[in-house]
Amino acid sequence: MQDFYNIDSLLSEEEIAVRDSVRRFVDDNVLPIIGECYVEGRFPKEIVPGLAELGVFGANLPEEYGCAGLNNVAYGLIMQELERGDSGVRSFASVQGALVMYPIYAFGSEEQKQHYLPKMAAGEIIGCFGLTEPDFGSNPAGMITMAREQSDGSWVINGAKMWITNGSTAQVAIVWAKTNDDKDQRSIRGFIVPTNTTGFCAKDQKGKLSLRASDTSELVLEDVRVPKDALLPKSGGLKSPLMCLTQARYGISWGALGAAIACFEEASSYAKTRIMFDRPIGGFQLQQLRLAEMLTEIVKGQLLCVQLGRLKDRGEFTPQQVSLAKRNNVHIATDIAREARRLLGANGILAEYSAMRHMANLESVYTYEGTHDVHTLVLGQAVTGLNAFGA
Amino acid sequence: MKIAVCIKRVPDMESRFRISGDGKVVDETGLKFDMSDFDGYAVEVALQITEKLGQGEVVVVSLGPDAVQEALRKALSMGAARAIHLKADQVPRDGFAVARALAAELESGGFDLIMFGKHAMDTMSGVVGPMTAELLGLPNVSAVSKLDVEQGKGTARRELEGAAEIVEFPLPAVVSIDEGIARPRYPSLKGIMAAKKKPLESKPAQLDPTRLEVTKTELPPDRQGGRIIGEGAAAVPELVRLLQTEAKVL
């Protein structure tokens, strides 16, 4: 779309080059197939080697672990371009990078980092992240998955996880489990669990009407025994998985804009060419209002993200700032997708166009990685100092 | 194997073009630019040759204002080893002036192979490659659709109308690359970061006065709407008549 506010002038030459390279990859490899994948309910696995070669997995982690060592604005722009393709494709990269590679990088031992990160950057190992449970979504502290340390130092894990992106595709899972009673502030620890371990089972969740081009699974862990070195040694307490989610939802703030941009581009081009009452529908005030609102919200969202990325690069960003960006950008993106769908009239319900696919996808994005409502409470608490959460 | 690839920065051909106030050139305001398509194929072929041989160096060269460094850096991020920017206020419309400046630079470079795109997407002259070859006294093969090189020798395939020819030539040589030979790789994110650290040498181009002047540039006329003559077999005689008398194609 047209750079209405000259936001490119806020970006470096490398940041623009990164965005344009990923943009071209998505144009050539995702857009031609994604509508069909969505209808078939299939994640396009065939694009994973290309994404890895491009270097999108864990792109903001250091080069010494086989990653691209990009800054956070460049990383955000990658997420934007991937989600311009589809939220499922961006989710795949978010999980791999922010929810699996990041915790190994942040909480892992040097051996774990050396072993996993280069292979995950190369797409040779795919990961998933198990925090949410059937009865514990917005309240992860209540999780019942337990890991018990054995006398030989190994761990035995029991529990179930739900809504796990890449669950059935992954070779490793980062599983979060309690290791002690709730009085222990560091009870929740992270484990690297190979998905072929005896007792580990991943089942695809069927009947999704959203994120259909993404694998979502239920994980069941029944007496899953992992060695001592499966533990992420520096993880401890709920803070650890929440730090991962802050990374991921930073990327989502950018990603949602990508979906919004795709819908805006489709709607504006349709408005200029679709003739009704002998003139393009873009000439009618009602459609212009739709397009003007879309453009305005995208520009605001982009400015929000660039500043958030700069703060993150300086190590100055707060989880509350990320909540604000995720909450706002996913919200405006869902509105934009719906209005684009409506502008497209009957054509808007077809998989041949992208608006309704994005619209349905964004409903998941609205709910995952901290629901819109939970982020509202985070901001409410930041403003008032008062905790409005359940407990 | 030392390979030079000469690349040109051109406007995105999907753009909606406007003519400048003096009616002579394209107005560049608001246009997006990129490496010319055929030049991108040439960079890809050059990289594939050095990768296949397991040795060699790809050097990219571009003539023009500072903005061409963007195209050079893109080639570096694809994998070229270093870049040379021949600085000029603008790219002369006279291909011979460009060829002279390139030849002056390339002459002493010790290149085994000098590559060009078949033509630039904006001017479509296709003369700079052959002229550079002539100035350097090197064999030239144009519009190459397949290229193999080994020490001292190259083999190229050229597509002709309804046929193909295979050409052998000694190195050093100049070749220009046709489409369909190789899909340019996406600059990888690591490549983009590495490109920042690769050498990019900028120096003034040795340009002679241009001997060509563009006096006018014009856009094609707006397309007229179609005309429906009638329907079914009954409309055929009138259609044939119009094709003969008006369109004059029969």
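How much area do chain A and chain B bury between them? The answer is about 1,400 Å², with 58% of it on carbon and sulfur atoms. Buried area here is the accessible area (1.4 Å probe) that two parts lose on being put together, summed over both.

This is a predicted model, in which local features need pLDDT of at least 70 and side-chain atom pairs count only at pLDDT 80 or more, while totals for chains, interfaces and linings use all residues. Residues are numbered from 1 along each chain as its sequence is written, chains are lettered from A in the order in which they are written, and side-chain values use heavy atoms, with hydrogens and water left out.

**Stop 1: the interface**

Show both chains and select the residues in contact (heavy atoms within 4.5 Å). Chain A gives 23 residues to this contact and chain B gives 16 residues. Now pick out A:E13, A:E14 and A:R24, which supply 35% of the area that chain A buries against chain B, more than any other three residues.

Next, select B:R183 and A:D28. Their side chains form a salt bridge at 3.0 Å, N to O; the term means a side-chain nitrogen of Lys or Arg within 4 Å of a carboxyl oxygen of Asp or Glu. Between chain A and chain B the count is two salt bridges.

**Stop 2: two helices in chain A**

Move to α5 (residues 87-107) and α7 (residues 239-273) of chain A. They pack at an angle of about 145 degrees, with their axes 9 Å apart. The axes are lines fitted to C-alpha atoms over the stretch in contact, and angles run from 0 to 180 degrees between N-to-C directions. To see the contact, select residues including A:L99, A:Y102 and A:F107 in α5(A), and A:M243, A:L245 and A:I252 in α7(A).

**Stop 3: a strand in chain B**

Finish at B:V167, in strand β9 (residues 163-170) of chain B; a strand is a DSSP run of E, at least two residues. Which residues does B:V167 touch, not counting residues up to four places away in sequence? They are B:V141, B:G154, B:T155, B:A156 and B:R158.

Notes: Helices (H or I, at least four residues) and strands (E, at least two) are DSSP runs, numbered from the N terminus.
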